[in-house]
Structures are given as C-alpha cells and as structure tokens.
Amino acid sequence: KINTNDQDMTAGADPVTQTYDGTAYGITVNVTFANGETKVPTISYSEDGTNYSSTNPMYTNWTSTAKTVHYKVELAGYAPISKSATVTINKRPIQITVNNAEKLNGRPDPIFTGTITSGTVIGTDVLGTISYSRSNTGVETVGTYAGVLVGKIESPNTNYNVSFKPGQFKINTNDQDMTVIL
C-alpha cells in the first residue's frame with residue numbers, strides 16, 4: 001500500500017539566505033509523519049534536478065543568483081516527495097573610511113590610508129588590492145578640501161561589497177621652508 005503524502009508523510013525545506021561569513025550553508029529538509037510517527041526516510045539531493053546523491057550541496061561563497069537544491073524524500077510504503085529550496089549567499093558589506101590627511105604647501109603628498117569602519121573581514125580573507133589617492137591632484141592652494149581622498153579596489157574578493165567613504169585633505173601654509181633674507 002502506498003500512503004498519500006499529504007496525509008501521512010510531508011516534507012519541506014525553507015530557503016536559506018545568509019551573508020558571507022566563511023561558513024558552508026545548505027538546506028535542511030524536515031520530514032513529518034501523521035500521528036507523530038518517527039521514521040527515517042532516505043533523502044537525496046541534486047543541483048541539476050536529474051543527478052541525485054546523498055550529499056547535501058553546501059555553499060560558502062557569494063552566489064550571483066540563488067542556488068536551487070532539489071531533493072527527494074523516499075520511504076518504502078510511501079509515495080516519494082520531490083521538491084526544491086534555494087540557498088543564497090550575499091556579499092558581506094565592508095565600508096572603508098579614507099583617513100583625513102594634510103601636508104605643508106609645496107611638499108609631496110603623504111601616503112594615504114584608510115580604516116575599516118563598518119563590517120569585518122572573515123579570517124585571513126584579503127579584500128583585494130586597495131589604493132588611495134587624491135582626486136584633486138595638482139591643486140596646491142592652501143585650504144581644506146572635503147571628500148577628495150578616495151579609495152579604489154582592484155581584483156576584489158567577490159565575497160565582499162566594499163565601499164569607500166572619502167576623506168578630507170588639508171594643505172597648510174609652509175612656514176618651515178621659508179628663508180628670510182635680510
């Protein structure tokens with residue numbers, strides 16, 4: 001006798017959505033039986049909906065789209081259940097604030113730096129090659145310039161969404177390099 005799924009055996013899995021944290025995530029299939037019975041069905045998984053195995057696909061890194069995991073629940077005497085659920089790993093947000101800097105008029109620009117002010121880097125991950133520069137290069141007039149120190153990332157780690165908050169640059173009067181001739 002094959003019992004009906006909707007009365008005797010049901011199965012489901014919630015979608016999984018996580019922000020990248022270096023941990024592997026997969027779906028959890030929950031199976032219940034009528035009258036609270038405890039039975040152990042066979043659960044098989046597939047990423048393509050055709051080739052199934054007992055291995056639950058796990059995802060650690062950012063997924064550009066939701067990954068669909070198909071699953072089958074089978075137990076002798078019950079009609080099999082076939083369904084799917086998704087796993088999505090979102091990018092981890094990181095904000096880097098470009099540190100304010102200053103120099104004396106006529107002197108070379110200092111080395112610009114930045115600080116992570118929001119978010120955390122996981123383990124030994126590298127965000128990419130980060131560089132800092134002054135968007136108003138060539139301006140040497142004494143003054144304070146808001147938002148001109150900027151950051152840029154090359155070869156970014158795709159698990160992160162890195163944004164930069166610009167810093168200010170101040171060019172001070174240079175009394176130190178003045179020579180007084182009497």
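Tutor: Buried means under 20% relative accessible area, exposed over 50%, and partly exposed in between, with a 1.4 Å probe and protein chains only. This is a predicted model, in which local features need pLDDT of at least 70 and side-chain atom pairs count only at pLDDT 80 or more, while totals for chains, interfaces and linings use all residues. Residues are numbered from 1 along each chain as its sequence is written, and side-chain values use heavy atoms, with hydrogens and water left out.

Student: How many salt bridges does the count come to?

Tutor: Side chains of opposite charge can pair when their charged atoms come close. A salt bridge here is a side-chain nitrogen of Lys or Arg within 4 Å of a carboxyl oxygen of Asp or Glu, and by this rule the count comes to 6. One of them joins Lys-39 to Glu-37, with the closest N and O atoms 3.5 Å apart; Glu-37 is partly exposed at 35% relative accessible area, and Lys-39 is partly exposed at 32%.

Student: Which side chain does Lys-103 meet in a salt bridge, and is Lys-103 buried or exposed?

Tutor: Lys-103 meets Asp-109 at 3.0 Å, N to O; Lys-103 is buried, with 7% relative accessibility, whereas Asp-109 is partly exposed at 30%.

Student: What does Arg-134 pair with?

Tutor: The side chain of Arg-134 forms a salt bridge with that of Glu-140, at 3.3 Å from N to O. Arg-134 is buried at 5% relative accessibility, while Glu-140, at 32%, is partly exposed. Through salt bridges that share partners, Lys-103, Asp-109, Arg-134 and Glu-140 belong to one network.
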